[in-house]
Amino acid sequence: MVAETSLEARQLVLPVFVREGLSEPRAISSMPGVFQHTRSTLLAAVAEAAELGLGGVMLFGIPETKDAVGSGATDPAGILNLAITDVVAEVGDALTVMSDLCLDEFTDHGHCGLLTPDGRVDNDKTLEAYAEMARAQSDAGVQMVGPSGMMDGQVAVIREALDADGHEEVSILAYSAKYASAFFGPFREAVDSSLEGDRRTYQQDPPNALEGVREALLDIEQGADIVMVKPALAYLDVVRRVRDAVDVPVAAYNVSGEFSMLEAAAARGWIEREPAILETLISIRRAGADVVLTYWAAEAARLLAR
């Protein structure tokens with residue numbers, strides 16, 4: 001009766017991976033129970049998400065071939081754009097269909113942007129690619145895009161591209177405070193990342209909390225509908241600071257490393273798995289997140305319904 005914080009299925013978003021060329025789902029070894037889906041098994045996963053009352057799904061596409069400019073990201077016949085159309089037709093009236101808007105899954109160098117001849121990420125050239133990617137995803141029917149590349153000015157460019165293309169109704173979930181974190185490791189396997197090196201020149205420095213707030217405020221000024229902090233657990237203080245500073249919904253991404261650590265401890269009998277999952281998610285809500293992206297979204301919804 002007097003609980004201060006709630007955890008409900010509608011507050012949860014399930015990230016899902018779809019891989020081009022698969023004939024059956026492929027298990028991700030570092031993320032127990034998570035799969036790279038085929039286009040058909042993806043539909044079963046999102047249908048379950050809708051039936052469970054989740055707030056949304058976030059789609060990540062994994063192409064068969066990659067190149068230096070990530071051309072599969074903007075190809076109307078690319079795996080992510082095809083998956084968007086499939087999923088919107090299946091569950092678009094029941095939950096929010098979101099898509100990752102970034103080049104890293106599609107580039108052979110694994111970076112989130114286009115590179116200069118000397119190997120640096122070219123922020124402005126990347127923004128042009130993001131605008132094209134936004135147009136491709138909106139044409140495919142997406143309801144919310146999630147620009148995750150942390151390029152300066154990305155939200156403004158994407159908003160302008162969507163509006164100019166007649167897609168004013170498509171909203172933006174901005175990865176505003178995305179840190180250069182050690183907790184992304186299992187995700188790299190999940191998307192078959194080609195990354196060599198790191199992303200510290202464009203993702204945020206872990207010691208900086210005020211910078212995270214500043215980035216969120218800039219994204220709102222540029223047109224973001226929701227701002228997000230990623231990762232969640234090591235940055236709960238940033239989630240709270242952002243929540244206190246903004247007047248739009250705040251999301252947090254319970255990332256792959258956080259997921260896999262708990263699963264590994266539970267598999268060894270060191271912690272009680274189901275209560276730990278719910279305690280983890282309620283901690284993110286208690287810190288101030290209105291929306292939580294988590295690989296446990298479907299399972300948590302089932303646990304909450306007991």
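The model is predicted. The protein chain has ten helices and ten strands.

**Overall build**

- Along the principal axes, the C-alpha atoms of the protein chain fill a box of roughly 55 × 45 × 40 Å.
- Of the 306 residues, 56% count as buried.
- Among contacts with a separation of 6 or more, 76% are between residues 24 or more positions apart.
- The protein chain has an accessible surface of about 12,800 Å². Carbon and sulfur atoms account for 50% of that surface.

**Helix H7**

- Helix H7 spans residues 236-245. Its buried residues are Val 238, Val 239, Val 242 and Arg 243.
- Viewed down the axis of H7, the buried residues fall within an arc of 135°, so they line one face of the helix.

- Glu 48 and Arg 302 form a salt bridge through their side chains, at 2.7 Å from N to O.
- Glu 48 sits in helix H1 (residues 39-51) and Arg 302 in helix H10 (residues 297-304), so the pair ties together parts that are 254 residues apart in sequence.
- Glu 48 is partly exposed, at 35% relative accessibility. Arg 302 is also partly exposed, with a relative accessible area of 39%.

**Other salt bridges**

- The whole structure holds eleven salt bridges. Side chains of opposite charge can pair when their charged atoms come close.
- Arg 10 pairs with Glu 8 in a salt bridge, and their closest N and O atoms are 2.9 Å apart. Arg 10 counts as exposed at 56% relative accessibility. Glu 8 counts as partly exposed at 30%.
- Arg 120 and Asp 118 form a salt bridge through their side chains, at 3.1 Å from N to O. Arg 120 is exposed, with a relative accessible area of 51%. Asp 118 is exposed too, with 54%.
- A network of salt bridges links Arg 159, Asp 163 and Asp 225.

Key
Residues numbered from 1 in each chain as written. Predicted model: local features only at pLDDT ≥ 70, side-chain atom pairs only at ≥ 80, totals over all residues. Heavy atoms only, no water. Buried < 20%, exposed > 50% of the residue type's maximum accessible area, 1.4 Å probe, protein only. Helix = DSSP H or I, 4+ residues; strand = E, 2+ residues; numbered from the N terminus. Arc of directions from axis to C-beta. Salt bridge = Lys/Arg side-chain N within 4 Å of Asp/Glu carboxyl O. Contact = heavy atoms within 4.5 Å. Areas by Shrake-Rupley, 256 points an atom, 1.4 Å probe, with all protein chains shown as cover.
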